[in-house]
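This report describes the fold and selected side-chain contacts of one protein model. Please consult the sequence and the structure shown here alongside the text.

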Amino acid sequence: MHFVSARAARLLVDATEAFPEMLAAIEGAADHVELETYILRDDATGRAFHQALVGAASRGVRVRVIYDWVGSLALPARFVRNLVDGGVAASAYHPLLVRRPLWLLNQRDHRKVLIVDDAVSFTGGLNIADEYRGLSDGGRGWRDTHIRLEGPEVAGQMLALFEYAWRRSTPYGKTLTRTKQIGSAIRRRAAIVRRGRRRPAREPEAEGGIPVAVVGNEILRHRRRIHRVYLRAIRGAQRYVLIENAYFIPSKAVRRALIQAARRGVFVGVVVGAQSDVPITAYATRWLYDQLLAGGVRLFEWPVSVMHAKTAVVDDTWSIVGSYNFDRRSLLHQLESVAVVADPGVAVRLREQTLADIARCREVVLEAHRRRSWWVKAIEYTAYLVRHWL
């Protein structure tokens with residue numbers, strides 16, 4: 001990991017906090033905006049971001065958007081076409097193409113990244129979709145966490161991840177008619193010219209800021225970067241490890257590290273969902289309950305809504321917020337990103353939030369869990385056997 005200095009780091013809990021901050025950053029952009037997301041929907045949330053992105057492009061800001069082709073499969077073509085017509089450069093990650101190997105369809109872009117003006121950047125678990133909005137706001141109240149980071153060095157690390165995915169994405173313009181391609185190119189060129197006239201000076205990073213490392217993975221090389229970050233944090237824990245994770249099917253190495261931490265007296269608590277948008281994954285997770293509980297790991301099921309957060313906090317020292325799940329897809333098949341923050345203030349805030357979530361959970365008890373019926377055990381075991389394809 002390479003730590004750089006951030007001027008500020010702030011947790012954003014749920015869409016109620018995250019979406020307004022992200023939209024405000026886009027609306028205040030003066031030079032460039034990069035948005036990378038797994039799911040982009042044509043719903044109230046997607047349209048709000050659409051308006052903000054086109055508005056930024058109309059001011060001469062360079063705006064680029066990457067959306068995952070599979071994750072955003074339901075996205076209407078007109079939604080993206082209107083972005084492009086508004087001056088936004090939009091690309092789909094690994095769409096189905098005749099000349100592209102079919103195995104690449106299994107390689108997805110699961111990152112959630114937003115960079116604005118080399119100054120403000122975001123990452124976490126929230127997609128651009130209504131599911132994350134509160135029930136009173138027309139959403140489904142999914143529980144998730146993002147982080148807002150300030151400073152050019154952090155933005156630079158995040159931009160490097162974006163550029164990696166951008167080079168491997170397919171521009172929407174390649175599917176446009178010739179006339180529309182020319183029109184979109186003219187609008188993009190005009191936006192670049194306007195942007196060049198008033199490019200703001202890059203401010204030097206202040207000394208003594210918050211240490212942050214933005215860690216990503218790649219398709220073939222460095223697949224296990226984030227996995228190693230988690231292992232390092234867990235193995236070094238002395239007081240507590242608190243994890244919230246949407247799809248918790250950890251590797252043997254992670255399970256071993258969690259159990260070893262618990263056996264040396266560390267409080268190890270993991271929050272998973274009582275319900276899931278991918279039910280078979282929840283069954284695979286429950287197959288591991290017996291081993292983890294017997295090893296001293298405390299498990300808590302979030303009953304309120306879908307638990308979609310991907311966070312960890314260790315010893316008021318390490319905070320990890322990002323898109324990475326403890327499943328085979330994140331480990332082997334998807335582009336992911338996390339922000340690792342080495343700051344006690346951020347760690348305490350994340351600890352308090354996780355403990356508040358735990359207070360609303362149902363703790364799983366080993367004896368009660370072992371009394372489940374044989375057919376439930378059979379479903380769980382079958383789901384665990386196919387975990388490589390979940």
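Which residue in E16 is the bridge partner of threonine 311? The partner is valine 321. The model is a predicted one, in which local features need pLDDT of at least 70 and side-chain atom pairs count only at pLDDT 80 or more, while totals for chains, interfaces and linings use all residues. Residues are numbered from 1 along each chain as its sequence is written, and side-chain values use heavy atoms, with hydrogens and water left out.

**Overall composition**

The protein has 13 helices and 19 strands; these are DSSP runs, with helices (H or I) of at least four residues and strands (E) of at least two, numbered from the N terminus. Of its 390 residues, 58% are buried, where buried means under 20% relative accessible area, exposed means over 50% and partly exposed lies in between (1.4 Å probe, protein chains only). Among contacts (heavy atoms within 4.5 Å) between residues at least 6 apart in sequence, 83% join residues at least 24 apart.

**The nine-stranded sheet**

An open sheet contains 9 strands in the order E1-E11-E18-E16-E15-E12-E13-E14-E19, and its pairing is mixed. Its edges are formed by strand E1 (4–6) and strand E19 (362–363), each of which pairs on one side only. Two strands count as paired if DSSP finds at least two bridges between them. Strand E15 (residues 310–314) and strand E16 (residues 318–322) are paired in the antiparallel sense over 4 bridges.

Helix H11 (residues 344–359) lies across strand E12 (240–245), strand E13 (267–273), strand E14 (298–302), E15, E16 and strand E18 (337–341). The helix runs at about 65 degrees to E12. Such angles run from 0 to 180 degrees between N-to-C directions, with axes fitted as lines to C-alpha atoms, for helices over the stretch in contact.

**Salt bridges**

Side chains of opposite charge can pair when their charged atoms come close. The structure holds 24 salt bridges, each defined as a side-chain nitrogen of Lys or Arg within 4 Å of a carboxyl oxygen of Asp or Glu. The table lists three of them.

| Glutamate 21 | Arginine 148 | 3.3 Å |

In the salt bridge between arginine 148 and glutamate 21, arginine 148 lies in strand E9 (residues 145–150) and glutamate 21 in helix H1 (residues 14–27), so the pair ties together parts that are 127 residues apart in sequence. Arginine 148 is buried at 14% relative accessibility, whereas glutamate 21 is partly exposed at 23%.

Aspartate 316 is buried at 16% relative accessibility, while arginine 239 is partly exposed at 47%. Elsewhere, salt bridges that share partners join Arg10, Glu21, Arg148 and Glu150 into one network.

**A helix crossing**

How do helix H8 (residues 279–287) and helix H13 (residues 374–385) cross, and at what angle? Their axes come within 7 Å and cross at roughly 100 degrees. H8 and H13 are therefore roughly perpendicular to each other, a class that covers 65 to 115 degrees; angles under 35 degrees count as roughly parallel, over 145 as roughly antiparallel and the rest as oblique. H8 contributes Ile280, Tyr283, Ala284, Arg286 and Trp287 to the contact, and H13 contributes Lys377, Ile379, Glu380, Tyr381, Ala383 and Tyr384.

**Two buried residues**

Serine 91 is located in strand E5 (residues 89–93) and is buried, with a relative accessible area of 1%. Beyond its neighbours within four places in sequence, serine 91 contacts residues including Val65, Tyr67, Trp166 and Tyr172.

Alanine 165 belongs to helix H4 (residues 152–167) and is buried, with a relative accessible area of 0%. Not counting residues up to four places away in sequence, alanine 165 touches Glu36, Ile66, Tyr93, Asp109, Arg111 and Leu335. The C-alpha atoms of alanine 165 and tyrosine 93 are separated by 7.3 Å, although the two residues are 72 apart along the chain.
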